[in-house]
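Hi everyone, thanks for coming.

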Amino acid sequence: MTTTEHMSDGPVPTAGHDVVLDVRDLSVTFSSEDGPLDAVRGVTYQVRRGEALGIVGESGSGKSVTSMAIMGLLPRTARVTGSARVLDQEVIGLGDAAISRIRGEKIAMIFQDPLTSLNPVYTIGYQIAEAVLTHRDVTKKQARERAVELLDKVGIPNPERRVDQYPHELSGGMRQRVVIAIAMANDPDVIIADEPTTALDVTVQAQVLEALEAARRETGAALVLITHDLGVVAGHVDRVAVMYAGRLVETGTVEDVFYRPRMPYALGLLGSVPRLDGGRHERLTPILGTPPSLLNLPRGCAFAPRCPMAQDICQEEVPELAEPADIGAPGAGEEDDPLRRHRSACHFSEQLAGVRPEDLFRPTSVDAEAPAEVLAAELGGTRPAGGAAGEAPEAEPGTGAGTPGGGSEVLLTATDLVKNFPIRSKGILRRKVGEVQAVSGISLELREHETLALVGESGCGKSTTARLLLQLIRRTSGDVRYMGRPLHDLSDAQMRPLRRDLQLVFQDPFASLDPRMTVSDTVAEPLQIHGRAKGARTRVKELLELVGLNPEHGSRYPHEFSGGQRQRIGIARALALNPKVLILDEPVSALDVSIQAGVINLLEDLQDELGLSYLFVSHDLSVVRHIADRVAVMYLGKIVETGTTDQLFSAPAHPYTQALISAIPLPDPVKERTRERIVVTGDVPSPADPPSGCRFRTRCPKFAGELSEAERVRCVEEPPDLLDRGTGHRDACHYSQVVELI
Amino acid sequence: MSDIDSRTASGKGPAGLPAGGDVNRGEELSQVRMVWRRFRRHRAAMVSLVFLGLITAFAFVGPFVWPWDHTVSRDILGNQPPSLQHPFGTTNQGNDVFAQTMRGTQQSLKVALTVAVLSTVIGSVWGAVAGYYRGRVDAIMMRVVDVFLIVPLIVAVAAINGNVRGGTTWYAVALIMCLFSWATIARVVRGVVLSLREQEFIEAARAVGARASRIIFRHLLPNAAGPIIVAATLLVAVAVLTEAALSFIGFGIQPPDISLGKMVEGSRTAAFTRPWLFYPPGILIVMICLTINFIGDGLRDALDPRQTMVRR
């Protein structure tokens, strides 16, 4: 095989026998009704044995398609060109039978969704054994033994018992570990993991990444880790490749790419991530616009339309992936390794030495297609605080100046709020056979002009709490008050006028807008319901402008917008009635990071301009740290710790909070590798049958490791109260102890 | 069904529909135009629309133009093969078959469209209300549906038509068929609504304070339009065929009036000897069913704003 032009300085040739996966100039084109769709365009990379390469990119960047092409898993309609060699054997263009011998044996793949990648009708032992039996000449008994051994290696407790269980008996994290065990079954040379932890909670993510590391150590395989999460990449790979619109735009060691990015896109991506270790009040710098449609890509650099430093040449010529000229030859002490060299695909990468994201990108909240539009929009005077605040008479001038939450009026309170969902038997009688204790005695208060974050893993009851506060679900016991007025026994009709003040923004920007209604109709609906139809048209335009959308787009339907834009429409609808309180249910977790930053900035601006109070429900501690004034951490229907954001992050006291914070991957390779970790084991117990005493004790590292037998009794028998440790920082742990983690 | 009452009540209020229409009149007009534009791109539906238009004109305008009517005339020679004067020939008794076909088509269309429209409206609202409220309301409403579903349509209609005076006029036939066919629509709509109501945009509407009536009529039913239209077009076909079957067994529209089904029945022994008596009504039945089905297809696609291209 000849070398490609990308490797001007000496082919990677023969970088020896230890290159196990060698991808060159791989392109994938799908034919669609609207013409050819270039999903992957000339991707070249190599991975050595035992090495880990991270491929980062946003949705639609082609990162998954690349690996599907290598695995031969693409549909027949896809046209794949270029070459991918696994252990010097070409795999592109192989027939199904031939590639099946390589798949699983030499190259294994781990998919995103562990719920669907296991077959529900076979035991996990059978499925692992099947992988072994397909490629090896062993007896069934040996294969089963191997299955038990593998389960043990990926950290599944009681493997002898687990091996005979079915997938539905295992939690998501366990299932993903089973998938990893299947991938390791035949000691493959390459493991491709495609977003292996995206569907999982952070504490479980840490465990699964651990299992993945174990798999790599055990098999000595090369790992290709595909993810959108810069934090995951920082901690677990040696080299990174950043993908954008089907091309690699920057490659290099993790340190080079994270600390010295030379491509505006990589730089922008780093600037748009809210960081657990960053300054809290720093503005995020979103990348404007949306990734281009792969159907008709711009002629030059695909990033040019969103790039603040784009010049004429960028529109004309596609930049090669090459070393920036100013990066000299490696120093005397360093060995020259062609694979580890820092390359970027930008005409101006030399100018990017030492540039920080905020130097290049504007910390704006406007949704515009190109940098120039933002400038126009901001100078045009529609966005700056004065203009927008004038449109909202409800915003009281005094509130903006007050310190967040400091002594201001309490708007929304919940006291001992409980919600149990009945579990009913099947059949006609539908007897009540149990209860899911979704929320078990929560007390909260939301003050004027503050952001209270409610944080927890999936199933902890945080979304249920949000709906209970709005009376969208009726509570079992406890009370909810808005400005002193009890809401919990109001009828729907009595509640209606109060809904003007209390609004909700949803997680999923695709499901939360009626697909059959135009954007104008959607945003105008609250106005019509509350008898403000007169002047609704102008109000809708105002609102669209307020959330940074083009007001001329009102007659379009939701499907014509991108995820970030749809989320802005949802925010505009919630703002239509000038609410005082906005309950945000995971408002940014479905968005790509570069888009997410713009929406976070928008929420911050709106709060300042309109004097809103936010209840911000989220699982993402980095976002919470960035946006919240106070935080409440939930676990299995109870609040385990509350405090101001600074208190909670600088001195977390509850073991669960500590574990959550240390499980969040930092997008900083050195910090991520050297930080202290508090690891929790296992999965969240079922809320239908929560543990006695302290609900966290089954997973608590303190309970398992530090406490004496006598001390443990208290955890088992006595549910801890949420106690003030002075300064309003409260936690619910009998043996709480502050730990500094960041 | 108090929510439906409340809808009409709210229509007069400040938050009601007239005001709502005011806000977006310009846009709603353009929406109608967009639906029409998408519909026009559906070739089969457009062709069908033209054909159905021709059939309708034939049935309703034809009788005014054609010299003969569907009754027996002394001026007509019995048992004639097609000629210029009588394109479909004449019957033994001396009816002009061409005129009979016009009248029969007219009656069949009236029955079919009445059944389809009425059943669809009743069934959709019934199913949507049951699916939206769930629980006890749903259980009771669906048991009512079950009662109507387990009675075989033909037997029920035959029993009622035969025993009620005036039971064989076209509207009586249509109403009685309606009574026993809305239930299938209700079932379909309930199923769709059950899954739709779990979507976040329904919760979003509740969170801004929308009443049940608004959620049902503005959010749930428009989003269920696809399955509703499919069911409704099927119902047109079923109604034409049921009417034909009823007439065939002698319980539908009775002489001297005539329907397509009755004509097929009257000439069933002549299918091979005098095909001109048998085929015109038969072919028209097939044509009506086919065109309505294609139009339904086109309408379903056109009403879905996500549909940017038409597959045909």
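Predicted model: local features only at pLDDT ≥ 70, side-chain atom pairs only at ≥ 80, totals over all residues.

Let's begin with what the record says. UniProt, in an unreviewed entry, places the feature "domain: ABC transporter" at residues 23-270 and 423-661 of chain A. Take residues 23-270 of chain A: the span is 39% helix and 27% strand, and its end C-alpha atoms lie 26 Å apart.

Strand 1, residues 19-32, and strand 2 of chain A form a hairpin, with 2 residues between them. The two pair in the antiparallel sense over 10 bridges. Is strand 2 of chain A, residues 35-48, enclosed or open? Of its 14 residues, 10 are buried, so strand 2 is largely enclosed by the rest of the structure.

In chain A, 7 strands make an open sheet with mixed pairing, in the order 6-7-8-3-9-10-11. Which strands stand at the edges? They are strand 6, at 107-110, and strand 11, at 343-344, of chain A; each has a single partner strand, so one side of each is left without a neighbour in the sheet.

Strand 10 of chain A is mostly covered, with 6 of its 7 residues buried.

Strand 10 also pairs with strand 9 of chain A, residues 239-244, again in the antiparallel sense, over 6 bridges. Tyr244(A) stands opposite Arg247(A) in strand 10. These two strands make a hairpin with 2 residues between them, and there Ala245(A) takes a positive phi near 50°.

Further along chain A there is another open sheet, this one with 8 strands. The order is 17-18-19-14-20-21-23-22, and the pairing is mixed. Strand 17 and strand 22, at 723-724, are the edge strands of chain A here, each pairing on one side only. Strand 22 pairs with strand 23 of chain A, residues 730-731, in the antiparallel sense over 2 bridges, and Asp724(A) stands opposite Arg730(A).

Helix 23 lies across strand 20 (630-635) and strand 21 (638-644) of chain A, and runs at about 105° to strand 20.

Now for a single residue, Ile287(A). Where does Ile287(A) sit? You'll find Ile287(A) in the loop between helix 10 (264-272) and helix 11 (312-316) of chain A. With 28 other C-beta atoms within 10 Å, Ile287(A) is buried, because the cut-off for buried is 20 or more. Leaving out residues up to four places away in sequence, Ile287(A) touches Gly268(A), Ser272(A), Arg306(A), Phe361(A) and Ser594(A). The C-alpha atoms of Ile287(A) and Gly271(A) are separated by 8.6 Å, and these residues are 16 apart along the chain.

On to chain B, which has 15 helices and 0 strands. Chain B has 312 residues, and 44% of them count as buried. Among its contacts between residues at least 6 apart in sequence, 72% join residues at least 24 apart.

A helix to look at there is helix 12 of chain B, residues 212-223. Its 12 residues, at 1.5 Å a residue, should span 16 Å, and the end C-alpha atoms are 15 Å apart, which agrees. Helix 12 of chain B is mostly covered, with 10 of its 12 residues buried, including Ile215(B), Arg218(B) and Leu221(B).

Finally, the place where the chains meet. The contact takes 31 residues from chain A and 27 residues from chain B. On the chain A side, the elements giving two or more residues are strand 17 (502-505), helix 17 (519-529) and helix 18 (536-546). Helix 17 of chain A provides the largest share, 7 residues. That side of chain A divides into 13 nonpolar, 9 polar and 9 charged residues.

Definitions and conventions: Residues numbered from 1 in each chain as written. Chains lettered and ligands numbered in written order. UniProt positions renumbered as here; feature names shortened; annotations may be inferred. Helix = DSSP H or I, 4+ residues; strand = E, 2+ residues; numbered from the N terminus. Pairing = 2+ DSSP bridges. Contact = placed C-beta atoms within 7 Å. Nonpolar A, V, L, I, M, F, W, Y, C, P; charged D, E, K, R; others polar. Expected span 1.5 Å × (residues − 1). Axes fitted to C-alpha atoms, helices over the stretch in contact; angles between N-to-C directions.
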